[in-house]
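Student: I have a model open and want to learn how to read it. Can we go through it feature by feature?

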Amino acid sequence: MDISAFLLFWAAIFTSNILLTNFLGMCSYLSVSKEVESSLGLGIAVTFVLVFTTGLNWLAYRYLLVPFGIEYLQYIVFIIIIAAFVQLLELLIERYVPALYYTLGIFLPLITVNCAIFGVSLFMVIRDYSFIQSLAYGLGSGLGWLLAILMLAGIRGRLREKMVPQGLQGAGISLIITGIMALAFIGFSGIAPIQ
Amino acid sequence: MTRKEIFVTSAFRENSVWKQILGICSSLAVTNLMLNSLIMGIGVIFALALSSLTVSLIREYTPRSVRMIAQTLIMAAYVIMVDILLKAFLPEISKQLGPYVGLIITNCILMGRLEAFASKNPPLDSVVDGIGAGIGYTLVLLALSFVRELFGFGTLFGMRIFGSWWTNWSIMVMAPSAFFLLALLIWIVNTKYYKAG
Amino acid sequence: MANETSFRDRPVYPVLFILLLSVVFVGILALMFRSNEPRIDRQRREAYEKAVLALCADSLASLSGSSAAQIMAAYPGSFTQYLGREEGFARPAFAAKVDGKLIAYVFDITGKGLWGTMRALAATTPDLQTLLGINVYEQVETPGLGGRIEEEWFTSQFERKRVLEAGGAVELELVPEGQAELGPAQIRQITGATITSKAVTDMLGSELSRVAGSLREESK
């Protein structure tokens, strides 16, 4: 794949935003975006996990799965690496940033099954990225996800409670806002075609 | 709780999608066609039932520090098993499900149920809970895809319903429509059923 | 006795637990995969060969005296009878012959789709200039959207399309899905899947030019 890592990085944030274009990573995005602070915290955690796990998964694929002909185990190997890494991260956050640990609650372990993280690793394999490209893609995807969740948190912060009908509060209005953002991001799609 | 109550709770009262807001990613991606939704739903039900059973059976022996890894391993393994069996015995269906296998593994519903219920409850109860959650999820998917396929393609399960007078609504074919439809569904459910509580 | 820690509390236990769990499940998976591998491979090969046969069936029918349906039903016999691998092209190729007379080629081509690599079979007339039909047999596009390039309504558009001329590849133009009239060099794209649709036409153009190029090389 001959796209430069640098271009890939920017494309991952805007034209192929993992959340607004590929619709991965929704669950925690919808629930945590109530406040800007926890959104920032989760977004950074996700970015961190994305960069490291994409790199680790690339290495695992290249040096473990392919040489032994066990590519069919890639789902398991990738998800285990992600799970182990997130478990490690959870222990570190619990120890050093307990406030974040309590705010994020169940969504910290849920980073493991954040489809965005798994999806990025799968895409990396399908699109045959090099190591550097994978890291650039992982970092860009993370920042793109962070951007999306911050935008939603910002908008929700501005939305006064009374404006939203009761049945739509929370997830309902977030989905509508996200739908509109997704439509807007489609406008970016011609700019840097990596897809 | 009786088994029936467990089922009703996980399928409806605490529905994974509209109440717990889990499993959203796939709800957006596969609901463009009813057939895709059905296949995805069945896959999730299987994976949930089997993993809930296994996680529950070994819950006494699972150390807290590695519970996530254990749950992930178990659920991924079952999904892949289902995939291998489909490839071998029902290749046509497997071809449809193919891209979704990955999505089932990362479907937050699985991890959510395993963590919240199966890891703390007896095996048979966990299976009921798993199946209930899976069915609840499948129903939501079918509801969304009913609208999207009908208005986006004029068909249901591939069978033409609207004649040639119908112009397809392109928005229904694109994923943002799923966002709006799901929001609508949540709104209706919240207003009608949760008003009292 | 009260101070004795059970085996479960020792730090090595979680590691052993996960190790055991992994070994058990990966073992089961490996067993299942290996035991089903022959069956899965056979099914894949059969589907592939049948696809190749199906692309040539109509052309074979006109010369061989059997109907297309009969030819398909006679698989695998009919496959070995009429089709053989052909060397010398830039891509894997099959030649369809009736009593030694060449009536079509089928090429195994690949291209880059939206989400990943796509592979297709393209059947052409012996002069390589007109498509007899295509079959997209491997793709990882969005299911229900880009994935529809495998559907009959889409692939059948390529039947009898001119793809090569003296000057090179014919540029196939993509038109809206709802367009009623279709010009000779026009293909209806999939609404909402323009990139994937274009990937198919691009693949055909570049791959068939490459194949034709290798033929020219050979005949020099």
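Student: Which residue is the bridge partner of Phe107(C) in E4(C)?

Tutor: Ala122(C) is that partner. Some ground rules come with this. This is a predicted model, where local features need pLDDT of at least 70, side-chain atom pairs count only at pLDDT 80 or more, and totals for chains, interfaces and linings use all residues. Residues are numbered from 1 along each chain as its sequence is written, while chains are lettered from A and ligands numbered from 1 in the order in which they are written.

Student: How many bridges join E4(C) to E5(C)?

Tutor: Six, and these strands run antiparallel. Within E5(C), Gly133(C) stands opposite Ala123(C). E4(C) and E5(C) form a hairpin with six residues between them. In the turn, Leu128(C) has a positive phi of about 70°.

Student: What is the strand order of the open sheet in chain C?

Tutor: Its five strands are ordered E1-E2-E3-E4-E5, with antiparallel pairing. Strand E1 (83-86) and strand E5 (131-138) are at the edges; each has a single partner strand, so one side of each is left without a neighbour in the sheet. On average, neighbouring strands are turned by 25° against each other, direction ignored. For such angles, axes are lines fitted to C-alpha atoms, for helices over the stretch in contact, and values run from 0 to 180 degrees between N-to-C directions.

Student: Which helix lies across E1, E2, E3, E4 and E5 of chain C?

Tutor: Helix H1 (residues 12-64) of chain C does, running at about 150° to E3(C).

Student: Is E5(C) mostly covered or mostly open?

Tutor: Start with the rule. A residue is buried if 20 or more other C-beta atoms lie within 10 Å of its own, exposed if 12 or fewer, and partly exposed in between, with C-beta atoms placed from the backbone. E5(C) is mostly covered, with six of its eight residues buried. Ala185(C) is partly exposed, because 13 other C-beta atoms lie within 10 Å. Ala185(C) sits in the loop between strand E8 (173-175) and strand E9 (186-188) of chain C.

Student: What does Ala185(C) touch, not counting residues up to four places away in sequence?

Tutor: Contact means that the C-beta atoms of two residues, placed from the backbone, lie within 7 Å. Ala185(C) touches Val170(C), Glu171(C), Leu172(C) and Glu173(C) on that count.

Student: Which residues have the most contacts inside the largest nonpolar core?

Tutor: A nonpolar core is a set of buried Ala, Val, Leu, Ile, Met, Phe, Trp, Tyr and Cys residues joined through C-beta atoms within 7 Å. The largest has 166 residues, and those with the most contacts inside it include Ile76(A), Ala76(B) and Cys56(C). H4(B) supplies the largest share, twelve residues. Leaving aside neighbours within four places in sequence, Cys56(C) has contacts that include Tyr82(C), Val106(C) and Ala123(C).

Student: How many residues of chain B are in contact with chain A?

Tutor: 30 residues of chain B contact 32 residues of chain A. H10(B) gives the most to the chain B side, nine residues. For classes, Ala, Val, Leu, Ile, Met, Phe, Trp, Tyr, Cys and Pro count as nonpolar, Asp, Glu, Lys and Arg as charged, and the others, Gly among them, as polar. That side of chain B has 24 nonpolar, five polar and one charged residues. Another contact takes 20 residues from chain C and 25 residues from chain B.

Student: Why is chain C called more spread out than a compact globule?

Tutor: The radius of gyration is taken over C-alpha atoms, and the globule rule is 2.2 Å times the number of residues to the power 0.38. Chain C has 25 Å, well over the 17 Å the rule gives for 220 residues, so it is more spread out than a compact globule. Its C-alpha trace spans about 90 × 40 × 40 Å along the principal axes. For the 197 residues of chain B, the rule gives a value near 16 Å, and its 18 Å agrees.

Technical notes: Helices (H or I, at least four residues) and strands (E, at least two) are DSSP runs, numbered from the N terminus. Two strands pair if DSSP finds at least two bridges between them.
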